[in-house]
Amino acid sequence: MSRRVVHLTLDHLAALDAPCRDCVFWQLDPVRRARVDLEGDAGEEKRAWLSAVLRDWGSCGRVVLVEGRPVGHVVYAPPALLPSADAFPTSPVSPDAVLLASAYVDPAHAGAGLGRLLVQAMARDLVERGGYRAVEAFGRVDGPDAAGRRGRQCLLPADFLGRVGFGTRRAHGGVPRMRMDLRSALTWRDEVEVALERLRGVVRPAPAPSPDARVPGTPREVPGTEE
């Protein structure tokens, strides 16, 4: 089964079969979100946001394709581009970090490591882009402190974030802010590249022998002599 990770584009967004495809919880402030809820144009607002961020900041997401079909994605951006980042008791996001807003993998592909693959692709993008030291995210913990909090369905489970390399930056019973240092992601990338080089060395075909090469044990011909 082939799988690859590509940049999030407007075309990919339209093709995603995901509940957050038309969700604007992160992208709009509460006043604009209430208006969108009344007018029912959330999908158009999401596309407009993505278009503006792609133009002004650059790539802000990754999509994983399985057999050419998008089955999961991550969306990330500086917190200034995600107004709802200020709505949580563990805000604000650290000034040296990008915010991982949302991630989704089709349940039919759960357990295949696609979530980790997407997070690693995001980290690689930010390492190569430069200017940021970390990625942060607001985790979701089920418990009494989380009851009734709006937008909880848009938060990533804290245990998932922990499994893919995030640690707690600011603790909270319902919405901890979690952080992944990009230096550790850089180390991961280097280790992967070394492993790939080793693998290439194992499977690299042996060079073809030169036509002039002499088979060991055969007499060397001396020009100008005959038997």
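## Arg62: burial and location

Arg62 is buried, at a relative accessible area of 7%. Buried means under 20% relative accessible area, exposed over 50%, and partly exposed in between (1.4 Å probe, protein chains only). Arg62 sits in strand β2, which spans residues 61-66. Strands are DSSP runs of E with at least two residues; helices are runs of H or I with at least four; numbering starts at the N terminus.

## Basis of the model

The model is predicted: local features need pLDDT of at least 70, side-chain atom pairs count only at pLDDT 80 or more, and totals for chains, interfaces and linings use all residues. Residues are numbered from 1 along each chain as its sequence is written, and side-chain values use heavy atoms, without hydrogens or water.

## Surroundings of Arg62

Two side-chain polar contacts are listed here. Arg62 pairs with Ser59 at 2.5 Å. Arg62 also pairs with Tyr76 at 3.3 Å. A polar contact is a pair of N or O atoms within 3.5 Å; within protein, one must be able to donate a hydrogen and the other to accept it, and residues adjacent in sequence count only if both atoms are side-chain atoms.

Beyond neighbours within four places in sequence, Arg62 is in contact (heavy atoms within 4.5 Å) with residues including Val5, His7, Val74, Leu118, Met122 and Asp125. His73 is another contact of Arg62.

## The whole chain

The protein chain has six helices and eight strands. Their order is β-α-α-α-β-β-β-α-β-β-α-β-β-α. Of the 227 residues, 42% are buried.
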